[in-house]
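The sequence and structure are shown first.

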Amino acid sequence: MKVTINDVAKHAGVSIKTVSRVTNNEPSVKQATIDKVNKAIAELDYQPNLAARNLAGTKSYVIGFIYDNPNAYYVIDMQNGILSSCKALGYELLIHPCNAKSDNICNELTTMVKHARLAGLVLTPPLSEDPKILQALDEIDANYVRIIAGEKIDSNTGLAVLVNDKHGAVSITQHLIDLGHKNIAFLSGDQHHESTKARLSGYTQALKDNNLELDEQNIIEGEYSFESGVSGAKILLNRVNKPTAIVACNDEIAAGALFAARLEGLDIPKDISIVGFEDSPFSRQTWPKLTTVHQPNQKIAQMATELLIAKRRSQKSAQAKIFIPEPVIRDSSSKAT
């Protein structure tokens, strides 16, 4: 017969409510009691029924992961990070891809929160940066945590994990400047992502800090995709005054730029240096391997989920955290010739 919560309570010599509090990781339970209940759970091989728990109680134990991002590696890292924290803290995960540009996006999300009885949402860019979406969620008192680009925490930040994309872009551009590059181009991502603006700002800041003139023609607008990297790099490489280095807004774009450079018969990094951002598997699957900026997306997602659940349980917790991306030097960058 299937083991029930009653069996665990009897085996541990505690009340059913105490077992429930332990399995829900609620605060103010003595460690000795936690150990006793967990021992009973292990000995009886008890598996809490989260679906039944959601239906039976007033609390929900489902976290929603909402995203609009074409980068499969980013989505997988986020999903794994959120799922890891959910499992550790006794929650389930609902994954909901959507179109941030849809006219119906606010109604779509608020309806989902109500119908799925979600405990909270993990919002990723660009959804986490859209004032209309945030206002709609606030109006129904939805719990959410945002993953956003940002340099500092202030009174308006709220529950969030900030990624200092500007710092990462300054650092990776400075790496190229230190190698002697002066004609450095920038391949942009989607303009409705704040991370795109922050990375572009970091690139221009590094040029300014080193008294290098900014050539607006060296900034190519695009999307966060391999194809965008190919087309953007082709524009740059067909110019008379070709750049000696390219900063790409993410690793997929950088991989596309590498491909375009090879089609032109260029040697990387001898003829041109190309660097990326995020340190996704793309950066280690190209040849040569990409110099990039390490962004620990799985860890960021774990932290965001822990903040959300801590708030849900009214535990004392910092309202926001900041991650500082740093360069990872590999084989796609070298001294200017």
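How many cavities of 30 Å³ or more does a search of the whole structure find? The search finds 2, a cavity being a set of points on a 1 Å grid over the protein atoms alone where a 1.4 Å probe fits but cannot get out.

## Basis

The model is predicted: local features need pLDDT of at least 70, side-chain atom pairs count only at pLDDT 80 or more, and totals for chains, interfaces and linings use all residues. Residues are numbered from 1 along each chain as its sequence is written, and side-chain values use heavy atoms, with hydrogens and water left out.

## Largest cavity

The largest cavity holds about 200 Å³ of space, a volume being the space filled by probe spheres set on grid points joined across faces, edges and corners. Its lining (residues with an atom within 4 Å of a point) comprises 19 residues, of which Y74, P125, S195, R199 and Q295 are the closest to the centre.

Two or more lining residues come from each of α5 (72-89), β4 (144-149) and α9; helices (H or I, at least four residues) and strands (E, at least two) are DSSP runs numbered from the N terminus. The most, 3 residues, come from β4.

## Nonpolar cores

A nonpolar core joins buried (under 20% relative accessible area, 1.4 Å probe, protein chains only) Ala, Val, Leu, Ile, Met, Phe, Trp, Tyr and Cys residues through side-chain atoms within 4.5 Å. The largest has 37 residues, and I184, L187, Y203, I246, V247, I272 and I274 have the most contacts inside it. Elements giving two or more residues include α9 (194-209) and α11 (251-263); α11 supplies the largest share, 6 residues. A second, separate core of 25 residues includes M78, I147, I300 and F323.

Notes:
Buried means under 20% relative accessible area, exposed over 50%, partly exposed in between (1.4 Å probe, protein chains only). On a 1 Å grid over the protein atoms alone, a cavity is a set of points where a 1.4 Å probe fits but cannot get out, and a pocket is an open set with protein on both sides within 12 Å along at least five of seven lines; lining residues have an atom within 4 Å of a point.
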